[in-house]
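Here is a short briefing on a handful of residues. Keep the sequence and the 3D view open as you read.

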Amino acid sequence: RGHKKAGTLRCRVKDISRSGLFLALQAPLPPRAAVRVSLRLPVENGQRRLSVRGIVVRQVPAAPESYLLPGVGVRFVDLDTATESLIDRYVKQPIPGDGPAAAGVSPHLEGA
């Protein structure tokens, strides 16, 4: 905590699925950039730390006239079945209240 590796960004996960996620970033990464995302998902007994690799497949630049959130869409690559299953269970769990499913998740992102 408090230390940042060179090339590491902190950001929010806006959406997540078993195939990928959207990272909210003011200065999006270039398409086809390889990234490593480290995040924590809530599980039955606390939190589970995940580290996944992905490729940037969509870029949404910041634009004052746009309603779209700036950031990047990342498609997971080489996701093992246990991690895929954990993400799938997280996505399918009921959401208490009206809050978004991925609220409070802060991944670390590294360009490869």
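The model is predicted.

**Buried residues**

- Find Thr83 in helix α1, which covers residues 81-92.
- Its relative accessible area is 9%. Buried means under 20%, so Thr83 counts as buried.
- Which residues does Thr83 contact, leaving aside its neighbours within four places in sequence? They are Leu50 and Val52.
- Now move to strand β4, residues 34-43, where Val35 sits.
- Val35 has a relative accessibility of 4%, so it is buried too, under the 20% cut-off.
- Val35 and Val52 are 17 residues apart along the chain. Their C-alpha atoms are separated by 8.4 Å.

**Loop residues with positive phi**

- Most residues other than glycine have a negative phi.
- Arg32 lies in the loop between β3 (20-24) and β4.
- Its phi is positive, about 70°, although Arg32 is not a glycine.
- Is Arg32 buried or exposed? Its relative accessibility is 70%, and exposed means over 50%, so Arg32 is exposed.
- Asp78 belongs to the loop between β6 (71-77) and α1.
- Asp78 is not a glycine either, and its phi is positive, near 55°.
- Asp78 has a relative accessible area of 66%, which is over 50%, so this residue counts as exposed.

Conventions
Residues numbered from 1 in each chain as written. Predicted model: local features only at pLDDT ≥ 70, side-chain atom pairs only at ≥ 80, totals over all residues. Heavy atoms only, no water. Helix = DSSP H or I, 4+ residues; strand = E, 2+ residues; numbered from the N terminus. Buried < 20%, exposed > 50% of the residue type's maximum accessible area, 1.4 Å probe, protein only. Contact = heavy atoms within 4.5 Å.
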